[in-house]
Amino acid sequence: MRTANTWPLISAFRGLSICGLLPLQTLKAPVQRHPPTLDSARRLQNVRLFSTTGPVMGSWLEPKIDRKKKMAKGRARVATGGSVKGTTVIWGDWGLRMTDHHRRISAKHLKVAEDTIKVRLRGEKFRLYKRKCCNVGVYVSGNEVRMGKGKGSFDHWATRISVNQVLFEVRGLLHEQVVRDAFRLAGNKLPGQWGFVKKGDPPVVGITKLDGVTLEELKRPRRQVAPAALLETSSPTSVTEAGSTSEASRLP
């Protein structure tokens with residue numbers, strides 16, 4: 001067998017050399033960065049600085065919840081302990097508030113009301129806030145279905161809204177009368193009665209506005225009960241049995 005020509009390999013190994021470590025000053029030297037060119041600046045202008053991915057929990061009209069997991073019908077929350085949660089404007093300058101009775105509103109009604117407000121305020125600089133989200137599934141059985149055949153299949157999403165809760169809020173460079181007109185049109189598309197509220201208006205407990213009235217005054221009994229000592233002095237005679245009086249009443 002012929003031996004392979006190993007001279008090029010041996011000469012390459014001989015040319016290798018081990019150099020010493022670089023000094024510490026050269027390692028700590030700052031790296032010189034060149035200024036960005038025109039092409040790189042244009043690329044940075046085209047980059048969007050916020051995320052374009054969709055929300056993890058779905059939208060405010062259709063949450064990302066399993067529809068097969070059926071829910072109870074339930075009732076809207078009724079504040080019995082003096083709660084004023086959700087009755088005032090927080091983020092915007094004006095709001096749309098329910099004034100008559102708590103109920104369940106479907107996602108279809110909410111979508112129509114949102115589109116009505118956006119169409120009325122088209123061309124204006126504003127921002128619309130939604131205070132409620134559809135997280136209640138409505139299940140409906142078919143027509144002429146006998147009792148005991150199950151809850152039914154999924155029909156639509158809905159939300160429960162209590163009395164005097166704010167549903168929409170608007171903030172922007174708008175006139176108050178324009179916002180009033182937009183909320184009036186949206187209230188006509190929604191079930192129930194709705195009112196216009198501004199930022200800074202007093203909160204509401206049930207159906208009572210806290211305008212000069214405190215929670216302590218609402219919790220007090222409406223009928224003023226007189227003390228027991230005053231009641232005893234005001235009634236000199238006390239009936240013990242039918243047709244008889246006590247000894248205190250016989251004395252002059």
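Five aromatic pairs are found in the structure, which is a predicted model. A pair of aromatic rings is described by two things: how far apart the centres lie and the angle between the planes. With that in mind, the pairs can be taken in turn.

In the pair made by tryptophan 60 and phenylalanine 168, the ring centres are 6.2 Å apart and the planes meet at 80°. Planes over 60 degrees apart count as edge-to-face, so this pair is edge-to-face. The two partners come from distant parts of the chain, 108 residues apart. Tryptophan 60 belongs to the loop between helix 3 (38–46) and strand 1 (94–98), while phenylalanine 168 is part of strand 6 (residues 166–172). Tryptophan 60 and phenylalanine 168 are both buried.

The rings of tryptophan 91 and tyrosine 129 have centres 5.9 Å apart, and an angle of 45° between their planes makes the pair tilted. Here, too, distant parts of the chain are linked: tryptophan 91 sits in the loop between helix 3 and strand 1, tyrosine 129 sits in strand 3 (residues 126–130), and 38 residues separate them. Tyrosine 129, at 13% relative accessibility, counts as buried, because the cut-off for buried is under 20%. Elsewhere, one aromatic cluster is formed by Tyr139, Phe154 and Trp157.

Strand 1 comes next. Five of its five residues are buried, and the strand is therefore largely enclosed by the rest of the structure. In a regular strand, side chains alternate between the two faces of the sheet. On one side of strand 1 are Trp94, Leu96 and Met98, and on the other are Gly95 and Arg97; all of these are buried, so that both faces are covered.

Which strands pair with strand 1? One partner is strand 6, which pairs with strand 1 in the antiparallel sense over four bridges. Within this pairing, glycine 95 stands opposite glutamate 169 of strand 6. Strand 7 (residues 194–198) also runs antiparallel to strand 1, and five bridges join these two strands. There, tryptophan 94 has lysine 198 of strand 7 as its bridge partner.

Note on methods
Residues numbered from 1 in each chain as written. Predicted model: local features only at pLDDT ≥ 70, side-chain atom pairs only at ≥ 80, totals over all residues. Heavy atoms only, no water. Phe/Tyr/Trp six-rings, centres within 6.5 Å; stacked < 30°, edge-to-face > 60°. Buried < 20%, exposed > 50% of the residue type's maximum accessible area, 1.4 Å probe, protein only. Pairing = 2+ DSSP bridges.
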